[in-house]
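Please look at the structure below with its sequence beside it, and follow the description one part at a time.

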Amino acid sequence: MRVDYDPEIMRGVDFFRLMTSLVIPRPIAWVSTVTPDGSTENLAPHSFFTIASTDPPIVQFTSIGRKDSLRNVEDTGEFVVNFSTESMLELINRTATDFPRAVSEFDLVGIEREPSRYVRPPRVAAAPVVLECRSHITLRVGNSTLVLGRVLHAAVHEEYVVDGRPSAERLRPLTKLGGDGWGTLGDVLHMSRIPYEEPPPCER
């Protein structure tokens, strides 16, 4: 027997909790942005994050409500996705606090910056992977805004690269689950796709 959930009769926050407990694990985009006057550099985790296109390369994160990351992207057109790892859990969680826009999470939490190559927002120096992005488009969907950014530059610390590509086992990515749950990589299963082959013609 299944338990039924009806979004038409449930409170929005309750169905939100259901959805975020079902769609798991979710990779975390640790997004750095800067205010238009350059006075404050912000840093916040967004767990609704994915690839939107590969050609051109476009990534997407979702802002529920109008958070500082969204406002800064709308005002400046730039952001950086800093990849999240297990070792950064405490720092990432501390930057999830809803600080005022004029407060820099870099400074308050004590996170080292490094300059980006093509955009104004700084990168997290300890992040193993960074994607420097320029805003491609923002789309309002219900109570959320989808932020799509074209990747201008990707940089990976060489210690995380195996056979020419980043290694999941070395990256040890951190993910978000439902409620206060966070996920770690666990076992990695390797299985090649099975190619489709046309069956041989029937013999007559």
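Predicted model: local features only at pLDDT ≥ 70, side-chain atom pairs only at ≥ 80, totals over all residues.

**A helix and its sheet**

The buried residues of helix α2 pack against the strands β2, β3, β5, β6, β9 and β10. Which residues of α2 are buried? They are Asp-68, Ser-69, Leu-70, Asn-72, Val-73 and Thr-76. In an α-helix there are 3.6 residues a turn, so residues three or four places apart point the same way.

The next step is to see how the strands are arranged. Seven strands form an open sheet in the order β3-β2-β6-β9-β10-β5-β4, and their pairing is antiparallel. At the edges stand β3, made of residues 41-46, and β4, made of residues 49-54, each of which pairs on one side only. From one strand to the next the twist averages 35°.

On one side, six bridges join β2, residues 29-34, to β3, and the two strands run antiparallel. Within this pairing, Ser-32 has Leu-43 of β3 as its bridge partner, while Trp-30 stands opposite Pro-45 in β3. The strands β2 and β3 form a hairpin with six residues between them, and in the turn Gly-38 has a positive phi of about 75°. Four bridges join β2 to β6, again with the strands running antiparallel, and here the bridge partner of Ala-29 is Phe-83 in β6.

Are the residues of β2 buried or exposed? The strand is mostly covered, since six of its six residues are buried. Ala-29, Val-31 and Thr-33 point one way from β2, whereas Trp-30, Ser-32 and Val-34 point the other way, and all of them are buried.

**Rings and a charge**

The structure holds two aromatic pairs. In one of them, the ring centres of Phe-49 and Phe-83 are 6.3 Å apart and the ring planes stand at 85°, so this pair is edge-to-face. Because Phe-49 lies in strand β4 and Phe-83 in strand β6, the pair ties together parts that are 34 residues apart in sequence. Phe-49 is buried, with a relative accessible area of 13%, whereas Phe-83, at 26% relative accessibility, counts as partly exposed.

The other pair is formed by Phe-61 and Phe-79, which are also edge-to-face, with 5.3 Å from centre to centre and 80° between the planes. Since Phe-61 lies in strand β5 and Phe-79 in strand β6, this pair ties together parts that are 18 residues apart in sequence. Both Phe-61 and Phe-79 are buried.

A charge and a ring also come together elsewhere in the chain. The charged end of Lys-176 sits over the ring of Trp-182, at 5.2 Å from the centre of that ring.

**A loop and the whole protein**

The loop between β4 and β5 is the place of Asp-55. Is this residue buried or exposed? Asp-55 has a relative accessible area of 71%, and it therefore counts as exposed. The C-alpha atoms of Asp-55 and Arg-150 are separated by 9.7 Å, although the two residues are 95 residues apart along the chain.

It remains to step back and view the protein as a whole. There are five helices and 14 strands in it, and along its principal axes the C-alpha trace spans about 80 × 50 × 30 Å. Of the 204 residues, 38% are buried. Among contacts with a separation of 6 or more, 58% are accounted for by residues 24 or more positions apart. The accessible surface of the protein comes to about 13,100 Å², and 52% of it belongs to carbon and sulfur atoms.

Notes: Residues numbered from 1 in each chain as written. Heavy atoms only, no water. Pairing = 2+ DSSP bridges. Axes fitted to C-alpha atoms, helices over the stretch in contact; angles between N-to-C directions. Phe/Tyr/Trp six-rings, centres within 6.5 Å; stacked < 30°, edge-to-face > 60°. Buried < 20%, exposed > 50% of the residue type's maximum accessible area, 1.4 Å probe, protein only. Lys NZ or Arg CZ within 6 Å of the ring centre and 35° of its normal. Contact = heavy atoms within 4.5 Å. Areas by Shrake-Rupley, 256 points an atom, 1.4 Å probe, with all protein chains shown as cover.
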